[in-house]
Amino acid sequence: GQGLMHEALTALLDHGFDAWNLNRVEADVDPRNTASLRALQRLGFRQEGLLRERWIVADEVSDSALLGLLRRDWSARRAPEAAN
């Protein structure tokens, strides 16, 4: 709740898109993990799909939410910050 995850993910995404020249970053999240979904959405990730009953862990079946973030979307979000 102190913004540490947001700060860490921002640095990681900056590095991935700039230094590694990535075009796309994907996240695979348990849709019941609302905190993770919110954190990713605040960074600009968009939910692109839901895979039903994708994982079975410890005899529990769970879905998987797929989210994606494109370089162009990240750059557009970062541009106003760079101007400040």
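Two strands are taken to pair if DSSP finds at least two bridges between them. All views show a predicted model.

**View 1. The open sheet of three strands has the order β1-β3-β2.** Pairing in this sheet is antiparallel. Strands β1 (24-29) and β2 (46-57) form its edges, each pairing on one side only. From one strand to the next, the twist averages 25°.

**View 2. Strand β1 pairs with strand β3 (residues 60-70) in the antiparallel sense.** The two strands are joined over six bridges.

**View 3. Strands β2 and β3 pair in the antiparallel sense and form a hairpin.** Eight bridges connect β2 with β3. Among the residues involved, Gly 49 has Leu 66 of β3 as its bridge partner. Two residues lie between the strands of the hairpin, where Ala 58 adopts a positive phi near 50°.

**View 4. Helix α1 spans residues 4-18.** This helix contains 15 residues and extends 21 Å from its first C-alpha to its last, close to the 21 Å expected at 1.5 Å a residue. Its residues Thr 10, Leu 13, Gly 16 and Phe 17 are buried. Viewed down the axis of α1, the buried residues fall within an arc of 135°, so they line one face of the helix. An α-helix has 3.6 residues a turn, so residues three or four places apart point the same way. The face of α1 turned away from the buried side bears Leu 4, Glu 7 and Asp 18, which are exposed.

**View 5. The largest nonpolar core comprises 13 residues.** Within this core, Leu 13, Phe 45 and Leu 67 touch the most other members. Two or more residues are given to the core by each of α1, β1, α2 (34-42) and β3. Leu 13 is also one of the buried residues of α1. With residues up to four places away in sequence not counted, Leu 13 touches Val 25, Leu 43, Phe 45, Leu 69 and Trp 74.

**View 6. Ser 62 is a buried residue of strand β3.** The relative accessible area of Ser 62 is 11%; a residue counts as buried under 20%. Residues up to four places away in sequence being left out, Ser 62 touches Asp 30, Arg 32, Glu 53, Arg 54 and Trp 55. Leu 51 is eleven residues from Ser 62 in sequence, and the two C-alpha atoms are 9.1 Å apart in space.

**View 7. Ser 64 is likewise placed in strand β3.** With a relative accessibility of 0%, Ser 64 counts as buried. Apart from neighbours within four places in sequence, Ser 64 is in contact with Asp 28, Val 29, Pro 31, Gly 49, Leu 50, Leu 51, Arg 54 and Trp 55. Of these contacts, Gly 49 is the residue whose bridge partner in β3 is Leu 66.

Terms used
Residues numbered from 1 in each chain as written. Predicted model: local features only at pLDDT ≥ 70, side-chain atom pairs only at ≥ 80, totals over all residues. Heavy atoms only, no water. Helix = DSSP H or I, 4+ residues; strand = E, 2+ residues; numbered from the N terminus. Axes fitted to C-alpha atoms, helices over the stretch in contact; angles between N-to-C directions. Expected span 1.5 Å × (residues − 1). Buried < 20%, exposed > 50% of the residue type's maximum accessible area, 1.4 Å probe, protein only. Arc of directions from axis to C-beta. Core = buried A, V, L, I, M, F, W, Y, C linked by side-chain atoms within 4.5 Å. Contact = heavy atoms within 4.5 Å.
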